[in-house]
Amino acid sequence: MSEMQRWVKVNNFETLMKLGVYPKEQINAQRVIIDVTLEVNINIHHDKIKNVLSYEEIIIIINKISKKNHKFLAETVAEDIAQECLKLDTAISVRVSLKKPDIISGKTEVGVEVLLKK
């Protein structure tokens with residue numbers, strides 16, 4: 001059998017959260033877009049959901065962390081999501097991207113990306 005790798009992905013997950021260092025960011029929730037790519041161990045799944053890591057588990061983590069109290073740094077939020085994802089059973093590594101699309105006018109997006117490995 002050929003060597004295989006597997007990733008579970010959640011892309012363009014949009015949520016509102018209080019995130020930033022400026023006073024208006026601490027008062028008003030803003031739109032944040034999160035991407036998570038979680039590398040997982042390969043296993044025989046027999047086409048059964050119970051044998052794989054479901055993207056729903058990633059969504060639960062994103063929701064839990066993004067609904068917490070105000071955070072000053074996007075880095076903190078991305079790192080918190082990455083650390084929680086790596087606690088999942090079959091996780092090997094995780095890449096989290098967090099974008100704040102409404103900070104600069106036009107189509108410019110600002111944000112951070114982190115990669116964490118076990």
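Predicted model: local features only at pLDDT ≥ 70, side-chain atom pairs only at ≥ 80, totals over all residues.
1. Overall make-up. The protein chain holds three helices and four strands. Read from the N terminus, the elements follow the order β-α-β-α-α-β-β. The C-alpha trace spans about 55 × 25 × 25 Å along its principal axes.

2. The sheet. The four strands make an open sheet, ordered S1-S2-S3-S4, with antiparallel pairing. Strand S1 (6–17) and S4 stand at the edges with a single partner strand each, so one side of each has no neighbour in the sheet. On average, neighbouring strands of this sheet are turned by 15° against each other, direction ignored.

3. The S3–S4 pairing. How many bridges join S3 to S4? Strand S3 (residues 91–100) is joined to S4 by eight bridges, and the two run antiparallel. For orientation when viewing the model, Ser93 stands opposite Lys117 in S4.

4. Helices on the sheet. H2 lies across S1 and strand S2 (30–40), and runs at about 30° to S1. H3 lies across S1, S2, S3 and S4, and its direction is at about 155° to S3.

5. Helix against helix. Two packed helices are described by the angle between their axes and the distance between the axes. For helix H2 (residues 55–66) and H3, the angle is about 140° and the axes are 10 Å apart. The crossing of H2 past H3 is right-handed. On the H2 side the contact is made by Ile58, Ile61, Ile62, Lys64 and Ile65. H3 contributes Val77, Asp80, Ile81, Glu84 and Cys85 to this contact. By class, the residues of the contact between H2 and H3 are seven nonpolar and three charged, with no polar ones.

6. The largest pocket. The volume of the largest pocket is about 330 Å³. Its lining has 18 residues, and those closest to the centre of the pocket are Gly20, Glu25, Gln30, Lys100 and Ile103. Nine residues of the lining are nonpolar, four are polar and five are charged.

7. Where the lining comes from. Which elements each supply at least two residues of the lining of the largest pocket? They are helix H1 (23–27), helix H3 (74–86) and strand S4 (110–117). S4 gives the largest share of that lining, three residues.

8. Points to keep together when viewing the model. H3 packs with H2, lies across S1, S2, S3 and S4, and also supplies at least two residues of the pocket lining. S4 stands at an edge of the sheet, is joined to S3 by eight bridges, and supplies three residues of the pocket lining.

Technical notes: Residues numbered from 1 in each chain as written. Heavy atoms only, no water. 1 Å grid on protein atoms, 1.4 Å probe; cavity = no way out; pocket = protein on both sides within 12 Å on 5 of 7 lines; lining within 4 Å. Points joined across faces, edges and corners; volume = space filled by probe spheres on them. Nonpolar A, V, L, I, M, F, W, Y, C, P; charged D, E, K, R; others polar. Axes fitted to C-alpha atoms, helices over the stretch in contact; angles between N-to-C directions. Left-handed = near helix turned anticlockwise from the far one by under 90°. Contact = heavy atoms within 4.5 Å. Pairing = 2+ DSSP bridges.
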